[in-house]
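Good morning, and thank you for coming.

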Amino acid sequence: LGLQCDTKGGGSLLAYDPVADVLTSAINPIDARQMVRSVATHEGVAYLGGDVTGGRGVVVAWDPTTHTELWRVDPLSDTAGVTGLAVRGHHLYVFGHRGELVVLDLNTRAVIHRSRHRDVVPNYGTLLVNRGVVYGTSSAAFFRFDPKTFARTDLAELNGEWYGIPRSAVDENNDFYAIRGRN
């Protein structure tokens, strides 16, 4: 779970081990200014998306058991910060404020795809994975990315009245939930 400090900057990562029933925290795992805006996990690694008012955000690979940074990258060309992360296979999808999408190869940390989606992501956008496909949510729309070409397909217009970052969820029946308007 990523947290942010609205008044002083910075953020924290909370990790819960259900086997040991232990909750641990890492204070400012990215740096003293960047909040932990988004978190994705894969094979024991937590990928943290940073965001800071008036500056860039970076992506940090973090080991939540040893509280150590494994590596960091600054993949976005836009300077607005990371608002969504998702892992599909060996690809890390990084969504930036105002809709920049970057896909990293986790083996090489190289950028293998870059595209802009500001037409459906006017500010914040988030990502989730279901049945091997990456989906995105913004205040304007719900959409998916093709697993091979990374092309976007718009699925629903939302025009959601959000407070904070738009989110979506999927339940055990693979039904999606998001806010459309006020509903």
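**The nonpolar cores**

The largest nonpolar core has 16 residues, and those touching the most other members are Y47, V59, L85, L92 and V94. A nonpolar core here is a set of buried Ala, Val, Leu, Ile, Met, Phe, Trp, Tyr and Cys residues joined through side-chain atoms within 4.5 Å; buried stands for under 20% relative accessible area, exposed for over 50%, and partly exposed for anything in between, with a 1.4 Å probe and protein chains only. At least two residues of this core come from each of β5 (45-51), β6 (59-63), β7 (68-73), β8 (82-88), β9 (91-96) and β10 (100-105). The largest share, three residues, is supplied by β8. Strands are DSSP runs of E with at least two residues, and helices runs of H or I with at least four, numbered from the N terminus.

Please note that this is a predicted model, in which local features need pLDDT of at least 70 and side-chain atom pairs count only at pLDDT 80 or more, while totals for chains, interfaces and linings use all residues. Residues are numbered from 1 along each chain as its sequence is written, and side-chain values use heavy atoms, with hydrogens and water left out.

Which residues does Y47 touch, not counting those up to four places away in sequence? They are S38, V39, A40, H42, V60, A61, W71, L85, V87, L92 and L106, where contact means heavy atoms within 4.5 Å. Another core, of 13 residues, lies apart from the largest one and includes L101, V103, V121 and L127.

W62, in strand β6, is buried, with a relative accessible area of 8%. Beyond four places in sequence, its contacts include L13, A26, P29, V45 and L70.

Three strands form an open sheet in the order β1-β2-β3, with antiparallel pairing; two strands pair if DSSP finds at least two bridges between them. β1 (2-4) and β3 (22-27) stand at the edges with a single partner strand each, so one side of each has no neighbour in the sheet. Six bridges join β2 (residues 11-17) to β3, and A15 stands opposite T24 in β3.

A further open sheet has four strands in the order β12-β13-β14-β15, also paired antiparallel. Its edge strands, β12 (125-130) and β15 (152-157), each pair on one side only. Between β12 and β13 (residues 133-138) there are six bridges, and G125 stands opposite S138 in β13.
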